[in-house]
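Have your viewer open and your selection tool ready. We will hop from one selection to the next and look at what sits there.

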Amino acid sequence: MKLNNSVSCEILPFVLSRRRPSEKCGTDRFHRYNFLKTLSAITVQFIENQQWNTMNHKNLALTGMDVVTPDETITKGLILTKKGLIEYVGPGRAFDKNAYDTIDLSGLTLCPGLIDAHTHLGVYAEGAGEPGEDGNEMSDPVTPHVRAIDSIDANDMAIMEARNSGVTTVMITPGSANVIGGMVCAAKTTGRTADEMVINTCIGQKMATGENPKRVYGSNKKSPMTRMGIAALIRSALVDAVNYKEKLKKKKADTARDLKMEALVPVIEGKTMARVHAHKADDIMTAIRIAEEFKLKVVIEHGTEAYKIADILAKKKIPVNIGPTTSTRSKVELKDLARDNAARCIKAGVHVSLITDHPVIPLEELRQEAVKLARDHGVARSVALKTVTINPAITLGIEGRVGSLRKGKDADMAVYTGHPMDPAATCVMTVINGCVVFDGRIKNP
């Protein structure tokens, strides 16, 4: 196991300074020693993997690899980074080797870092059980003022697994128990704290239709108990936000701060997206109906039955974050789940991004969702790659920073043993903000 010498590893000296027991000391004690040795090494590796944001950005020269984007393929390409940003991307050429740390990636393929437009990463930390379930504030069906950033566990092991698979940026959202669930953030998959991870604290307001709010509150004989109750609560909250904005505009002295309304005003102003959880076609149409009434910018999350109304979505230019497409039909709203949903929507002209809904399926499976789109459903590999790179960047409103390889954008990249849409390809390196945060070319002894 490769260890970073710059990391202070206090657990190793404590564990390994103890006398190595001979087998004569007994099998149990011998196994305990090996267990502690392994545990300490894993702990050190985990600590190391969290340290990248504290390291100085090095100027990198990535050479010799094929560079694949949705628009082109550059054979034996070159990428130069400076201060965490892309300085040059194109065919190989001469450069000042003294100004860069050169990494030879000959025989490998590089693409933009992958982006998952809908996860619960860190707010449902793996292995944390019920104490780590911090995605749904189920005390009130309308909680626009709660923020995903305040629930993120930056030590969630899934963050490391995501970046080790080439996922560099994610949307982290509250769950769908509430009709209005709170503020959604965009984050990189590296950082010691949520503040180091997050690149935008609020890129949308989570809303939910259908089965989940009905189940959570209706089972307790509270509103909403019906779909019309859900729609009414959303509309009422938006009307309250409109009225609150008018009071602020008139500078009424008796207008007290209201965190709920402050969170919703940017939504009615069109500055923040309404990100609406909707599986069934009728729930999608309800979301569109409300969005048109209040002139909201809306994104459909999941869109399990989007294929049924793909022409409407395309005509109205409503983007859909589809998935996870490989989940089971575990509830009524998933009854009509179609594996080719995304392909049919793309064919109709809908702006589609693929999602894992982590932890519904693990984040490291994001690329395979796109692979299946190309392999099983006839979508061009270049188009499939867009659904996990530039398309989600656009949907999240962060395309100026991530999603493609352009000069001046964040130096976020994934390197594979083959084309990223090749099912057999494996991620061997991930670069975030110009730092190599994963190098799978170095094998453990």
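Start by selecting C111: this cysteine is buried, with a relative accessible area of 0%. Keep in mind that you are looking at a predicted model. With a cut-off of 2.5 Å between sulfur atoms, the disulfide count comes to 0.

C427 leads us to strand β17, so select residues 427-432. How many of the 6 residues in β17 are buried? The answer is 6, so the strand is largely enclosed by the rest of the structure. Strand β16 (residues 413-416) runs antiparallel to β17 and is joined to it by 4 bridges, with Y416 standing opposite C427. Strand β18 (residues 435-439) is also antiparallel to β17, again through 4 bridges, and here V431 faces V436. β17 and β18 make a hairpin with 2 residues between them. Click on N433 in that turn to find a positive phi of about 55 degrees.

Move on to helix α8, residues 281-294. Its 14 residues should span 20 Å at 1.5 Å a residue, and the distance between its end C-alpha atoms, 20 Å, agrees. Colour its buried residues, among them I284, I288 and F294. What covers them? The cover includes α6 (227-249), α7 (259-268), β12 (274-278), β13 (298-302) and α9 (310-316).

Now for the charged side chains: the whole structure has 23 salt bridges. Select K260 and D140, whose side chains meet at 2.8 Å, N to O. K260 lies in helix α7 and D140 in the loop between β8 (114-119) and α3 (157-163), so this pair ties together parts 120 residues apart in sequence. K260 is partly exposed at 25% relative accessible area, and D140 is partly exposed at 24%.

Then try E333 and R227, a salt bridge with its closest N and O atoms 3.3 Å apart. E333 sits in the loop between β14 (320-322) and α10 (341-348), while R227 belongs to helix α6, 106 residues away. Is E333 buried or exposed? E333 is buried, at 1%, whereas R227 is partly exposed, at 28%.

Methods:
Residues are numbered from 1 along each chain as its sequence is written. This is a predicted model: local features need pLDDT of at least 70, side-chain atom pairs count only at pLDDT 80 or more; totals for chains, interfaces and linings use all residues. Side-chain values use heavy atoms; hydrogens and water are left out. The expected span of a helix is 1.5 Å times one less than its number of residues. Buried means under 20% relative accessible area, exposed over 50%, partly exposed in between (1.4 Å probe, protein chains only). Contact means heavy atoms within 4.5 Å. Two strands pair if DSSP finds at least two bridges between them. A salt bridge is a side-chain nitrogen of Lys or Arg within 4 Å of a carboxyl oxygen of Asp or Glu.
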